[in-house]
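Here is a short briefing to read alongside the coordinates. Have the viewer open and follow along.

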Amino acid sequence: MMASSTPGPDNSTCLELALEGERLCKTGDFRSGVAFFEASIQAGTDDLKTLSAIYSQLGNAYFFLGDYAKAVNFHKHDLTLARTMGDKLGEAKASGNLGNTLKVMGRFDEAIICCKRHLDITTQLDDKVGRARAMYNLANAYHAKGKHVGRLGQQDPGEFPEEVKSCLAKALEYYEANMELTKELDDRSAEGRACGNLGNVHYLMGNFEDAINYHEKRLDIAKEFADKNAQRRAYTNLGNAHVFSGNFETAAQHYKKSLLLSQELGDKAVEAQACYSLGNTYTLLRDYQKAVEYHLRHLQIAQALVDRVGEGRAYWSLGNAHSAMGEHKKALYYAKQHLMVSKELGDQMGEATAEMNVSDLRKVLGIPEGQEDNVTPTDDDQKYNRRKSMEEMNLIRMTPDTKLDKSEAGNSSRQLRSLSVGTVLFKGSSKTPHALNASLNTSKNSEAEDEEEEDQDAFFDMLSRVQADRLDDQRCTMPQETTKQRSFPSSSSGIPFSSSSQQSKPPLVSKGSLKQNHLHNPRNNGNKENKEKKSKTLPARANSLPVPVYSVKPSVDKSDTADDLLDMIWGMQSKRMDEQRASLPEPPSPDDQFFDMLMRCQGSRLEDQRSALPSEPTAQQRGPTVPDEDFFSLIARLQEKRMDDQRADIKDKNRNKLN
């Protein structure tokens, strides 16, 4: 029998697929290039150099696609193959690619190690071109680390901690070495990149004059190669440096050139950044009309690109500009929009700033708390500039009918008061409606305020007395013991009352009996002895229902009865509690097992009570339409520090004497 043989790798097919993938990547179609590279790996090859090149190309393709995790994996495969083959140059290139990818991922320390390895190998091989690239990559890693750490702390240029300053100093050292080496190699393009980065590092270190010099060199080299992207970046960096130097007019000119180049390139995000910078610059120049114009352009582009961070910055800047112009209603609208966006993004600092701005603007406009303003950016401020008391003031008719209206209003109010008095009097007294009408007519004729006040006082006194009598009439005494037999007299019609009906329904009292009871009321007669008559049967008229009579035994001592009742309840409850008690066994003596269990329980409780350490501060959210170097926020912090520096300490002479 013949043994089955597996087909070997097809080197030619693998190479053809890899070349096609490389061609597609050069045209910018990285996804198609990745597909061809992966197909070439599936085809297989026994040439390690070809496989190393494929891994390197795949890592670069995934890097441009933004999939940095896969890029790191393929660059590691490339580095492993290069070390396996003993290819120092391949190992140096793989280390450099791996360092750049780790830098983008924020793993700066690992990136610095890889870049140093790249520099060491190229120095051993005396490869000047490779060494220049290694120096550039290493300087870029230090630069990115210093910029990242400095951004977390929100420090101003030149006021960074020692860690940041050390990183920037290392970056400056390697950038200068890279520029010197590129000059030896006569590589103007690489020299231009070095000049631009040197300008950025000097800018961060607070050396604005040096930054301007390097950026101007970068601009000249970019013009030699007609590199519009590089020119735009140079103009932007020059504008930033001139702003901190105090040359706002020059900065505005550079930003305008950057705006024109971004429009030629068709990059909307960069165009919005230029508009944002121009708006802030004109705010510093106190030309708020132009500032509003550029901030509105920035807002429109940010909304088109769905950049909520950029929208929030635009709203904040527009609110500041309109507030400076005195257009407080428009400023309130944009401040409310800024507050809404900040809440959506979870920006606590922006939310606090917006709430403070909204509160201050509402106070300026005279809008009370809790009232909706419904402001729009097209409304003017004239409505809220008037005093609110003038808006609510009622116009007074200066006509002869004014006094008549007042008298009619007074008479109508007095009529209502008199009518209410009469109604109560009719319910609680024996006055007839005719007498009430007479008193109503007399109250209509009286117009003096003193008489009205006396009538009101008399009415309230009478009302309190009537109500007090009604309350006393409704009080009842709780009998201690009642007779078992209750006699219910029959009605005049001869129909007896059953006990069930009498118990289910309260006794009805006729109007005649009520009147008779009123006549026998001890308060009406002034006789205290009439209280005993309440226990007797009242005389009933023919058309009235009988009132039941209760015979009450003499009451006993309340305190003795209450004490006996409480003693009885206490005895019963105590017996029930004793019957429900359970006898517990004697507790065992603690042993080692008990203490081990106790330690485990306490240990778990301690672990539950531990709190996690605070997470590292995150960088401020940035959108595509907001420049990385947001100098306007830096200037705001600088102005705050200037205010603090100008504060004076008041010295108390008396306190010094006491000391």
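How far apart do the end C-alpha atoms of residues 52-85 lie, and what share of the span is helix and what share strand? The end C-alpha atoms of residues 52-85 lie 10 Å apart, and the span is 94% helix and 0% strand. Please keep in mind that this is a predicted model, where local features need pLDDT of at least 70, side-chain atom pairs count only at pLDDT 80 or more, and totals for chains, interfaces and linings use all residues. Residues are numbered from 1 along each chain as its sequence is written, and side-chain values use heavy atoms, with hydrogens and water left out.

- Residues 232-265 are 94% helix and 0% strand, with end C-alpha atoms 10 Å apart. Helices (H or I, at least four residues) and strands (E, at least two) are DSSP runs, numbered from the N terminus.

**Helix α1**

- Helix α1 (residues 11-26) has 16 residues and reaches 23 Å from its first C-alpha to its last, close to the 22 Å expected at 1.5 Å a residue; the expected span is 1.5 Å times one less than the number of residues.
- Cys14, Ala18, Gly21, Leu24 and Cys25 are buried in α1. Buried means under 20% relative accessible area, exposed over 50%, and partly exposed in between (1.4 Å probe, protein chains only).
- The buried residues of α1 pack against α2 (30-43) and α3 (48-65), where contact means heavy atoms within 4.5 Å.
- Exposed Glu16 and Lys26 are on the face of α1 turned away from its buried side.
- After α1 comes Gly28, with a positive phi near 100°.

- Most residues other than glycine have a negative phi.
- Asp126 has a positive phi, near 55°; Asp126 is in the loop between α6 (108-124) and α7 (128-153) and is exposed at 56% relative accessibility.
- Val306, also not a glycine, has a positive phi of about 55°. Val306 lies in the loop between α14 (288-304) and α15 (308-325) and counts as exposed at 65% relative accessibility.

**Cysteines**

- The structure holds zero disulfides, a disulfide being a pair of cysteine sulfur atoms within 2.5 Å.
- For Cys115, the nearest cysteine sulfur is that of Cys114, 6.9 Å away.
- Cys115 is buried, with a relative accessible area of 1%.
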